[in-house]
Amino acid sequence: MDTILYATDCTKNSTSTLNYAKNLSETLNAKLIVFHIFDIPPVRTSNIRSSEQLHKLSMIEQKEVLEDYCKKNLNQNLSKNQLICEVAQNTSIIKGIIDRISKGNIDLLVIGMKDEHSARGFLSGNIANKLIDKKLCPLLIIPPHYSYKKLKKIAYASDFESSDIIAIEKLSAIAEYYDAEIEVVHIPTMEEYTAMQQMEWFKELLEVQVQYKKISFHMVLANSIEQGLRMHIRDENVDILGMLERENKGLFAAIFNKDIVKKMETLVTIPILCFNP
């Protein structure tokens, strides 16, 4: 992983996510781009400055605000090689993030979970949920006020599909830096009679394609997938939950039609790492 993009609204409530992104980038030896999107308010035509001048002045001003925010809350000078501050003007937070990622060279997007105190409603209407639906890079969603800690256990919710292999391979690239265990978790449905056979098939396929060895498999019996994942997270003291935003297919189809990734965001208190097929 080379570059992490953290989108922030520069408020006090987002400082824990800033620190999480900074510590994560240092552990992964990745460059961190702290990214802030702002919007220029309407200007009266009588204003002596042109819109182009106002844009340039706003860019300079907002860049200074962002740099001051990072210096204050990271309690250290910024490393130009490892941490870069960027700002962009856009009327849409989502479009601003998508435009930045479309420029390339972003391996992971970090964003905070919905916080009612966010400025301009940064996650109002839940921007994180809307970003999950886009074909972007992996998305790491951090709960409000969540403190960074070394990763020991990473749970991955699997449906034993081939698309899970790619996601676990990406996940193992992160786990390797922490020497963390990846727990592949499956919650079988009532109609599912071949879960054990599927798990054995999936194990064999995974061992061929993924070199990381600290991977274990877990079947969790529960009334629902959400309940099973919550039970596993609690009982195993999981640090991050990895999930795949799936297409409308597979054993989880009935649940994923209700957007389980989005539902889980409101049910868990640990970071969620979302992948797209």
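Let's start with a pair of helices: the axes of helix H1 (residues 15-27) and helix H2 (residues 51-74) come within 10 Å and cross at roughly 80°. That makes H1 roughly perpendicular to H2, a label used for angles of 65 to 115 degrees. The axes here are lines fitted to C-alpha atoms over the stretch in contact, and angles run from 0 to 180 degrees between N-to-C directions.

Which residues of H1 meet H2? They are Thr15, Leu18, Asn19 and Lys22, and their partners in H2 are Tyr69, Cys70, Asn73 and Leu74. A contact means heavy atoms within 4.5 Å. Take threonine 15: leaving out residues up to four places away in sequence, threonine 15 touches Tyr69 and Asn73. Threonine 15 is also buried, with a relative accessible area of 18% (buried means under 20%, exposed over 50%, using a 1.4 Å probe and protein chains only).

## What you're looking at

This is a predicted model, where local features need pLDDT of at least 70 and side-chain atom pairs count only at pLDDT 80 or more, while totals for chains, interfaces and linings use all residues. Residues are numbered from 1 along each chain as its sequence is written, and side-chain values use heavy atoms, with hydrogens and water left out.

The chain has nine helices and 10 strands; these are DSSP runs (helices H or I, at least four residues; strands E, at least two), numbered from the N terminus. Of its 277 residues, 50% count as buried. Look at contacts between residues at least 6 apart in sequence, and 80% of them join residues at least 24 apart.

## One side of H3

Now for helix H3 (residues 93-102), where Ile93, Ile94, Gly96, Ile97, Arg100 and Ile101 are buried. They cover an arc of only 165° around the axis, so they sit on the same side of H3. That arc is taken from the directions from the helix axis to the C-beta atoms. The buried residues of H3 pack against strands S1 (3-7), S2 (31-38), S3 (83-89) and S4 (108-112), plus helix H4 (127-132).

What caps the N-terminal end of H3? Serine 92 does, with a side-chain oxygen 3.4 Å from the backbone nitrogen of isoleucine 94. After H3 comes glycine 104, whose phi is positive, near 95°.

## Two asparagines in loops

Asparagine 29 is in the loop between H1 and S2, and has a positive phi near 55° without being a glycine. Asparagine 105, in the loop between H3 and S4, has a positive phi of about 65° and is not a glycine either. Asparagine 29 is exposed at 56% relative accessibility, and asparagine 105 is exposed at 65%.

Technical notes: A polar contact is a pair of N or O atoms within 3.5 Å; within protein, one must be able to donate a hydrogen and the other to accept it, and residues adjacent in sequence count only if both atoms are side-chain atoms. Angles under 35 degrees count as roughly parallel, over 145 as roughly antiparallel, 65 to 115 as roughly perpendicular and the rest as oblique.
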